[in-house]
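Work through the exercises below with the model open beside you, and try each task before reading its solution.

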Amino acid sequence: MKRAHWGSRVGFILAAAGSAIGLGNLWKFPYITGVNGGGLFVLIYLGCIFAVGVPILIAEMAIGQKSQANAIRAFEVLDKPKSPWQGIGLLGLLTAILILSFYSVVGGWILNFTVFSFTGAFDNLTTQNAGSLLEGVFSAPLTQSIYHFVFLSLTIGIVLSGVKGGLEKWNKILMPSLLIILVFLFLYSFSLKGSAKALSFLFSADASKLTASGVLEAVGHSFFTLSLGMGTMITYGSYLSKKENLIKTSLMIAFLDTSIALIAGVVIFSVVFSFGMEAQAGPGLIFATLPTLFHQIPGGTFIGILFFLLISFAAITSAVSMLEVMVAFISEKFKISRFKATSLAGFATYILGLLTVISTNIGKNSFQILGTTNFFDLFDKLTSSYFLPLGGIMISLFFGWKMSDSIKNNILKAYPKWMVQLFLVSVRFIAPIAVLIVIYNESFL
Ligand code: TRP
């Protein structure tokens, strides 16, 4: 069976950026920054993106491009049949279904808010009851599971139409639109009286507010936001045929992804500090702040509709990249059609997602594991703080120690020697050791 490929260089970059840019930037980054007290957390996150994230991003794409295989078989192709390194891909598969299960429930909330913005549900909101809409969503499990279903179905639809027709086409239109409207909101937020406070919250470090688990969350989020550590970028790299310049591409993706997260942070916290809202509100943060913002702006209803639509698309293009990891593996391994593989993976994800749905209501406090009390928090913590960093360490070690010098030289040939050395030291030592220390600190001290 011949494998599909991207139609163009731009198409690949946009698809990889589309995978990276999603709820991680617009929903998760602002709220975990708020919970962890701002400045210092942001600084650690930025450090991780460039010291650990970028080298691993390059390594993942190189593994995919070289092997031209799915995230599990790639290790057989590059090492040997039955290679133990395949474990990386298997862990990635488990991680993919866990993340996608809660990701698509949150995606469902976004869709629901898109509908709210159409129907004028934001009109009567005040700063005091801004959280009430999401509370309403939480207390209606059936509606939530319907939106969760719609979100997954849209994701499945795009994955079904294949690499070129599906993934690539949509990303090309939607990602630039998202950027434009985000920049508009960013500029607007400077007219709000809380914008100066937002900037100092985000960019001045205050060590007293950060905990060991906050540090791990920053490390984990650098993996989450760049879609690293579970084979997404291996899979996307495997649809790349030409000798693409992976280093430039990676830097560009990391730069775009980080800028969007920071811009979203400035917008959200300007609203928080202008209207006396709660910075530590948690996962509900953007659902309370954005409607409040749209209230303020002239023509806000229209902008609100557009923006929630675009967040939905950003979320879908990321969800697509997670589902694609599963589909590429299942269809190739069991030699079944793309349709069957997608339906199977989609169905399993849907069922697992119901555990997140009940985590917002009846199952909110069901147990005590790893400091979490429900499946939503548990899946998030397990994957972001443990599975992705562990997967990332192993990918880094595999690339640094197992891939042949000729492959590495090929990727790096256009660069000055010192940069090549720095990169190799990073994937062999710095990235894996740094991540291990952080995991160890949080778990055992
Ligand atoms: N990076 C995406 C976001 O920020 C989410 C995502 C897509 C992801 N693929 C992934 C996260 C793979 C971890 C691993 O929203």
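Predicted model: local features only at pLDDT ≥ 70, side-chain atom pairs only at ≥ 80, totals over all residues.

Residues are numbered from 1 along each chain as its sequence is written, and side-chain values use heavy atoms, with hydrogens and water left out.

**Exercise 1.** Find which residues surround the ligand and which of them are the closest.

Solution. Begin with the shell, where a residue counts as near if one of its heavy atoms lies within 4 Å of the molecule. The shell has 17 residues, and the closest are Ala20, Gly24, Tyr103, Phe224 and Ser227. Next, sort the shell by class: eight residues are nonpolar, nine are polar and none is charged, where Ala, Val, Leu, Ile, Met, Phe, Trp, Tyr, Cys and Pro count as nonpolar, Asp, Glu, Lys and Arg as charged, and the others, Gly among them, as polar.

**Exercise 2.** Work out which N or O atoms of the protein lie by a nitrogen atom of the ligand.

Solution. Look for polar contacts, that is, pairs of N or O atoms within 3.5 Å. A backbone N or O atom of Phe224 is 2.8 Å from a ligand nitrogen, and a polar backbone atom of Thr225 is 3.2 Å from a nitrogen of the ligand. From the side chain of Ser227, an N or O atom lies 3.0 Å from a ligand nitrogen. Then turn to the surface: taken alone the ligand exposes 360 Å², of which the protein buries 100%, with accessible areas from the Shrake-Rupley method and a 1.4 Å probe.

**Exercise 3.** Determine where the ligand sits.

Solution. The ligand sits in the largest cavity, meaning that more than half of its atoms lie within 2 Å of the grid points. A cavity is a set of points, on a 1 Å grid over the protein atoms alone, where a 1.4 Å probe fits but cannot get out, and its lining residues have an atom within 4 Å of a point. This cavity has a volume of about 140 Å³, and of its 17 lining residues the closest to the centre are Ser19, Tyr103, Phe224, Ser227 and Met322.

**Exercise 4.** Describe what lines the second largest cavity.

Solution. The space amounts to about 60 Å³, and its lining includes Leu26, Val267 and Phe307. By class, the lining residues are nine nonpolar, no polar and no charged.

Methods:
Polar contact = N/O pair within 3.5 Å; in protein donor to acceptor, adjacent residues only side chain to side chain. 1 Å grid on protein atoms, 1.4 Å probe; cavity = no way out; pocket = protein on both sides within 12 Å on 5 of 7 lines; lining within 4 Å. Points joined across faces, edges and corners; volume = space filled by probe spheres on them.
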